[in-house]
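Please read this report alongside the sequence and the model.

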Amino acid sequence: MGRLFRFGLAGGIGFAADAAALWLLLAVTPLGALSARVLSIGFALCVTWQINRHLTFSPSSRGIAAEGARYGGVGFATSIVNYLVYCAILLALPALPPLAALAIGSLVAMALSFLGYSRLVFDR
């Protein structure tokens, strides 16, 4: 249960990083909600990799490049799910704030992320 709690904590920090980056990109750039989200997801992946690597699972037995590639692969796959849910919600409910759609998409992708990271990246 401790690892799951730490994963939730890392996810919460990643969510905050994602939301802050999305808010900043929407506020200071001409990017729209869909394109800004692509960049904010990438930023959040970098943040959560370091937190999960040092707090949730500990570094794997692989080198940092191999671990990063695996983390990126799982992160990319779950980010596609996250992004598709985000887009579907915004297209179905255009009045909904992008940060609300971000929260829903992030929750959907969270379970997939834990399974992928724990089994394919950190061997736990």
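This is a predicted model: local features need pLDDT of at least 70, side-chain atom pairs count only at pLDDT 80 or more; totals for chains, interfaces and linings use all residues.

## Pocket lining

Helix H1 gives the most to the lining of the largest pocket, with eight residues. In total, 26 residues line the largest pocket. Those that lie nearest its centre are Gly11, Thr48, Asn82, Ser106 and Ser113.

About 430 Å³ of space lies in this pocket. H1, H2 (33-56), H3 (64-92) and H4 (98-121) each supply at least two residues of its lining.

## Salt bridges

How many salt bridges does the model hold? The count comes to two. In one of them, Arg37 pairs with Asp18, and the closest N and O atoms are 2.8 Å apart. Because Arg37 lies in helix H2 and Asp18 in helix H1, this pair ties together parts that are 19 residues apart in sequence. Buried means under 20% relative accessible area. Arg37 has a relative accessible area of 0%, so it is buried. Asp18, at 5% relative accessibility, also counts as buried.

Arg53 forms a salt bridge with Glu67, and here the closest N and O atoms are 2.4 Å apart. Arg53 is in helix H2 and Glu67 is in helix H3, so the pair ties together parts that are 14 residues apart in sequence. Both Arg53 and Glu67 are buried.

## Nonpolar surface patch

Phe5, Leu9, Ile13 and Leu55 make a nonpolar surface patch of about 370 Å². Which helix provides the largest share of the patch? The largest share, three residues, comes from helix H1, which covers residues 2-28.

Phe5 is found in helix H1. Is Phe5 buried or exposed? The cut-off for exposed is over 50% relative accessible area. Phe5 has a relative accessible area of 59%, so it is exposed.

## Cysteines

The structure holds zero disulfides. Cys46 is in no disulfide, and the nearest cysteine sulfur, that of Cys87, is 20 Å away. Cys87 is likewise in no disulfide, with the sulfur of Cys46 as its nearest cysteine sulfur at 20 Å.

Val81 lies in helix H3. Its relative accessible area is 28%, so Val81 is partly exposed. Along the sequence, Val81 and Ala101 are 20 residues apart, and in space their C-alpha atoms are 13 Å apart.

Leu115 has its place in helix H4. With 48% relative accessibility, Leu115 counts as partly exposed.

Notes:
Residues are numbered from 1 along each chain as its sequence is written. Side-chain values use heavy atoms; hydrogens and water are left out. A disulfide is a pair of cysteine sulfur atoms within 2.5 Å. Patches are made of residues with over 30% relative accessible area and no salt bridge: like charges are joined within 9 Å, nonpolar side chains (Val, Leu, Ile, Met, Phe, Trp, Tyr) within 5 Å. Accessible areas come from the Shrake-Rupley method with a 1.4 Å probe; for residues, only the protein chains shown count as cover. A salt bridge is a side-chain nitrogen of Lys or Arg within 4 Å of a carboxyl oxygen of Asp or Glu. Helices (H or I, at least four residues) and strands (E, at least two) are DSSP runs, numbered from the N terminus. Buried means under 20% relative accessible area, exposed over 50%, partly exposed in between (1.4 Å probe, protein chains only). On a 1 Å grid over the protein atoms alone, a cavity is a set of points where a 1.4 Å probe fits but cannot get out, and a pocket is an open set with protein on both sides within 12 Å along at least five of seven lines; lining residues have an atom within 4 Å of a point. Grid points are joined across faces, edges and corners, and a volume is the space filled by probe spheres set on the points.
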